[in-house]
Amino acid sequence: MSTVVALSVVGPLLAAALTLALRARHRLRDAVVLTTLVGVTAAAVAILIEVERSGTIVVRVGGWDPELGIVLVADMFAALVLVVAMATILVVEIFAIGQRRSAAGADPDVVVPVLLVLTSGVALAIVTGDLFTLFVAFEMILVASYVLLTHQGRQGQIRSGMTYVVINLLASTFFLLGVAFVYAATGTVNMALLAERIPELDTGTRIGIGTWFLVVFGSKAAMFPLFSWLPDSYPTAPTTITAVFAGLLTKIGVYSLIRFQTLTDMVDLGPVVLAGAGATMLVGVAGALAQDDMKRILSFHIVSQIGYMLLGLGLFSVAGVAGAILFLVHQIPVKTVLFLVGGLVESTHGTSSLDRIGGLAMRWPLLAALFAVPALSLAGLPPFSGFVAKLALIDAAIASKSTAIVIVALAGSLLTLLSMTKIWLGVFWGEPAGAPAVPSVRGSLGTMVLATTLAVAGTLAVAVFSGPLWDMSERAAVELLDRQPYIEAVIR
Amino acid sequence: MNATLVVTVAGLVSVGTYLVTARSLSRIILGFSMLGHGAVLALLSAGGPAGETPLADRSSPEEMSNPLPQALSLTAIVISFGLTLFLLALARRQNALSGDDLVEDDLEDRRVALLANEESPEPVSEDAA
């Protein structure tokens, strides 16, 4: 099974090289990409089943001792997020293949290999067992994202791409400095050893390291007040790329934050994370209400929803962390599918501005349904997945007697519903606004709709299987907060 | 940790931070190189005092310097080299498109801010840069 864990990282990288060689043979290249992504998703499912059955899988790369070498660790948390992340990339790639046949898509010669590098980086960030490899994984993801964001070289993309690249580079440099601090304080970058050594440091050093990494991962995750780069840059990229970014990039930041803060037992920082969570929810959703473009509204919602995951982490209780994990699992497909619907609207109507479209519900009821399900789920209405995840989080907050954050979270949900209504009114309801300039979509539309439907089915599956998913999230949370299972699995 | 290194790291990081806050991308790139060097030096000095070359046949383990931070630094240097090149390409593209390499504000944000100020008698200056 350990080979499978390693393959989920190495496989996409090899495929990236292969697709570079296959530039001229489009069908073969698409086949390679789909096979790889299906394979990686299957591998992730296999890992999850194995972890569920017989516990954490540890790979010592090259057979080195954990103190010196790189370890890959697939525990419950990692396996759960890996499955969702890989399946999401697969769905987006199907969408992209559909879109590629139309003229509007991004340049596949660039996008295909780079997306595979991104996939590999995401897998590595999830399963890595040491802090420096996590840095490298982040760099893989970020370099891929820089290229994906700016490769078309349009003015708007370069302009917002500059802000995006500069902010993320700054965060990466901070990450590297943080690694230096951690190494100076503990003499290791292995996370299991850090989990043993960091709690033994004196309070000042410990809190210093915790706060430093809160800033590093917080800016990757778009936590308040470090989010300003996100709503500017995401909407400028082609849809498929924004969908991957929206579903995965910030979530990997949250994943790493949860991993680091629980593993190093930063309970003292809980109140700081909670305050950040509340501010993130409110500021994000307030930003969304002020916008009048579908993709920009959704971008601000990415920020707002990050707040809910941080809320679960900030509580530092099993129920809270389990809620955060479930929310993460629900959020990745929901966010992605909302952007895919935005992409469908944009590629058939040439714009995603609310003022220039309308009445789509009558003309294209299927699309309206594909939007309504994840939108209601995002707002947290029953019976959708967002309801289950938010209920778990609010339940946990009440149990921890954090009344203020409960009120903020509920207000945030209400405002989310309000701004989803705004999109609904602007895009789907009312009179069709004029004759839209429809770019030709030819036969590709079917593939795109199919991919979007698959993703919607995925979000519904999260709701239907919320029972078993909750059990797995809870088990992951217990393991994370106990810390001993992780340490023992890696060191012994 | 030796004092010269600490002062050097502090100097690099402060100059880097100052440059990164500039508007022009070429200054930001210089700032990043400084910050990157500062971070790499910090990583190296985190590995303890310098010693002999860490090669098995040249020196004994007791007198070797710690090889792990050196390996990490090497990786970090390669990454920051690649990213510097990418930033330079970005600056060049911005230059080709707009004639300068300034990092601009979020246009949409400025538009929304203008909407909010519509009733105010003084129009907000649209271009700060």
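Visitor: Which residue forms a salt bridge with Glu52(A)?
Guide: This is a predicted model, where local features need pLDDT of at least 70, side-chain atom pairs count only at pLDDT 80 or more, and totals for chains, interfaces and linings use all residues. Residues are numbered from 1 along each chain as its sequence is written, chains are lettered from A and ligands numbered from 1 in the order in which they are written, and side-chain values use heavy atoms, with hydrogens and water left out. A salt bridge is a side-chain nitrogen of Lys or Arg within 4 Å of a carboxyl oxygen of Asp or Glu. Here the closest N and O atoms are 3.6 Å apart, and the partner of Glu52(A) is Arg475(A).

Visitor: How many residues apart in sequence are the parts that Arg475(A) and Glu52(A) tie together?
Guide: Helices are DSSP runs (H or I, at least four residues), as are strands (E, at least two), numbered from the N terminus. Arg475(A) lies in helix α19 (residues 466–482) of chain A and Glu52(A) in helix α2 (residues 26–54) of chain A, so the parts tied together are apart by 423 residues.

Visitor: Is Glu479(A) buried or exposed?
Guide: Glu479(A) meets Arg475(A) in a salt bridge, 3.8 Å from N to O. Buried means under 20% relative accessible area, exposed over 50%, partly exposed in between (1.4 Å probe, protein chains only). Arg475(A) is partly exposed at 29%. Glu479(A) has a relative accessible area of 15%, so Glu479(A) is buried.

Visitor: Where does Asp75(A), the salt-bridge partner of Arg259(A), lie?
Guide: The closest N and O atoms of Arg259(A) and Asp75(A) are 2.8 Å apart. Both residues are buried. Arg259(A) lies in helix α10 of chain A, and Asp75(A) lies in the loop between β2 (71–74) and α3 (76–100) of chain A.

Visitor: How many salt bridges does the structure hold?
Guide: Arg259(A) with Asp75(A) is one of them. The count over all chains is seven.

Visitor: Which helices hold Phe135(A) and Phe175(A)?
Guide: Both residues are buried. Ring pairs also link them into a cluster with others, including Phe138(A) and Phe213(A). Phe135(A) lies in α5 (residues 131–150) and Phe175(A) in α6 (residues 155–186), so the helices of chain A asked for are α5 and α6.

Visitor: Which residue lies over the face of Phe138(A)?
Guide: A charge sits over a ring if NZ of Lys or CZ of Arg is within 6 Å of the ring centre and within 35 degrees of the ring normal. At 5.3 Å from the ring centre of Phe138(A) lies Lys220(A).

Visitor: How many charged residues are in the lining of the largest cavity?
Guide: The lining includes Phe138(A), Lys220(A) and Trp229(A); on a 1 Å grid over the protein atoms alone, a cavity is a set of points where a 1.4 Å probe fits but cannot get out, and lining residues have an atom within 4 Å of a point. Ala, Val, Leu, Ile, Met, Phe, Trp, Tyr, Cys and Pro count as nonpolar, Asp, Glu, Lys and Arg as charged, and the others, Gly among them, as polar. The lining has eight nonpolar and two polar residues, and the charged count is one.

Methods: Rings of Phe, Tyr and Trp (its six-membered ring) pair if their centres lie within 6.5 Å; planes under 30 degrees apart count as stacked, over 60 as edge-to-face and the rest as tilted. On a 1 Å grid over the protein atoms alone, a cavity is a set of points where a 1.4 Å probe fits but cannot get out, and a pocket is an open set with protein on both sides within 12 Å along at least five of seven lines; lining residues have an atom within 4 Å of a point.
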